[in-house]
Amino acid sequence: MQKGLQAGYWEWDMKGDLPFDNLELMSRLGYKKSDLKLRPFWLGKIPDDSLQVLRQQLKIHIDSHAKMPFNQEVCFLREGDTPQYIIFTGRIIKWDKNKEPLLMLGSYFNVTHQHETEVELEQARSFLNRTNQAALIGGWEIDMETLKVSWTLGTKRLFGLPDDFTPDKDNFSHFFYDGDREELEAAFGLAVTEGKSYDLELRITNTSGEEIWTRTIGQSDFEEGRCRRVYGTFQDITRQKRDEEKVLMKKRQLEAFISTAPAALAMLDRSFNYIAASKIWMASYNVDVAAIIGKNHLEVFHEISDEWKEYMRRCVLGESFKRDEDPFYRRDGKLEWLRWEIKPWYEEPGKVGGILLFTDLITEKKKAKEDLIKAKEEAEVALQAKSRFLSVMSHEIRTPMNAVIGFSNLLLENPREDQEEYLKLLKFSADNLLVIINDILSLSKMDEGMVTLEMVDFNLKELLENVCAINKQATIEKGIGLKLCYDNRLPLIIKGDTVSFGQARRFDVRNKTDHTKKYSIELQNGSLLLMKGDMQHYWEHRIAKSNKVLGGRINLTFRVINK
């Protein structure tokens, strides 16, 4: 069809098949000669349904002898082009003597653009309905002149009503809860009288008995000072309200936890205003929790450093920070030490609601730690002093002892017979005392981890004889018999630390069957443990457990064996 063709005139010699079997008319309708090779010219260019309606309307017009007007829309098709819709109007103006039609005149008008607009409008209306249903939104309107109420499908379905439901100004208010209904009526009245729009969150009960939260929006149009109409939307926000209630519940639980937490905790919103704080927070910073709720943290603690402010700003963006030790000056200038952590809390996944502050005043712990370090340093100094003292003392005593040992050796070179045994005991005691002095010196070495055990050859039998000889006088005075029995199968010379044979040890003696029966015995140098009778059969002895570093010794245990 020709672009821009809108209207025209046509006439029909009614001896033909159809008014459009007219070459001139078809050309004016936009067809080329190459399109009009076959007759009738309209063949294949008018859809069958449109052609059928056209024939019916022509027949009605002819049968009524032109009393019924002819007015018909006809669709024309063309390959590669969009359908064109033409409205034809006309009238038979000439008849023969038998009242058969001879000539018909008329006009045409191209309404294709209006058709396209109607299709687009219907598509837009359908899309809007689907969008509203997806968003759970419905529209409404009240004509204040006629009081006619109009609802969209979304509104009807929101209330649980059938699609053919006809609303009026009185048959829907009962859906709203008491209290909410009065709020809506008051807002609607102000919209009508003063032109004030409203945006409310109200509860309704639909026809299924379900509670639904709605966002109800209304606004009015005025002409010449009078309200002509009020219109708006209803939106189902039930899910949103349920989510808000869950968030609020979690927030209240978090507030309750923080307020009773056994630590210094505070909860702030995104603007750093206090939502909750624990009692320990109040005690730690000497503030009244009830008085600071709602106040800004930066105003309550105006001395906060710029570094801390930056931490808080970044925390709102999702970062977390902590310090194990951090100095903090109070308003009075007192230095405190803090262990702290700051992290965001979330209203929902990905949405930061504010920040949580945890602090622990560790000033006393810090002082105790410093005191402990100082005490350790002082102890180390004292230990070094003790080591130096032992070292000096042992060296001072060793000088006269070396003299005693030297003179003993000289006397033993040519002893008298009655003095030889005593001189040997004197030399043994002096040598043993010198070893003890060396052990005192070893105590200082032990603190430095330098103590070592000697591994030398010595005569075991001679050592035991000397031990018995030293303690002989004490046994005589106490009326105790002391006799050394040395098994000849034992070697005379063994390797070891000779001084360890004379150190005192504590022994535990306990019953073999009843371990609750036990005794503790300390055996000094030269002491013997003698077990006989039931003792040797039902009791056992062992060295007591101890964390103390102990020297070595030879333990001699004698059992009385009756043959």
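Contact here means heavy atoms within 4.5 Å, and helices (H or I, at least four residues) and strands (E, at least two) are DSSP runs numbered from the N terminus. The model is predicted: local features need pLDDT of at least 70, side-chain atom pairs count only at pLDDT 80 or more, and totals for chains, interfaces and linings use all residues. Residues are numbered from 1 along each chain as its sequence is written, and side-chain values use heavy atoms, with hydrogens and water left out.

**Exercise 1. Find the buried side of helix α10, and say what it packs against.**

Step 1. Start with the residues: in α10 (residues 306–316), W308, Y311, M312, C315 and V316 are buried. Buried means under 20% relative accessible area, exposed over 50%, and partly exposed in between (1.4 Å probe, protein chains only).

Step 2. Check the arc, taken from the directions from the helix axis to the C-beta atoms. The buried residues W308, Y311, M312, C315 and V316 cover only 135° around the axis, which puts them on the same side of α10.

Step 3. Now look for the partners: these buried residues pack against β10 (264–269), α9 (297–300), β12 (321–329), β13 (335–348) and β14 (351–361).

Step 4. Follow the chain onward: after α10 comes G318, with a positive phi near 115°.

**Exercise 2. Describe how W340 pairs with W308 and with Y311.**

Step 1. The whole structure holds 14 aromatic pairs.

Step 2. Take W308 and W340: their ring centres are 4.7 Å apart and the planes make 50°, so this pair is tilted. W308 belongs to α10 and W340 to β13, so the pair ties together parts 32 residues apart in sequence.

Step 3. Turn to Y311 and W340, also a tilted pair, with 5.5 Å centre to centre and 45° between the planes. Here 29 residues separate Y311 in α10 from W340 in β13.

Step 4. Finish with burial: the relative accessible area is 8% for Y311 and 1% for W340, while W308 is buried too.

Key:
Phe/Tyr/Trp six-rings, centres within 6.5 Å; stacked < 30°, edge-to-face > 60°.
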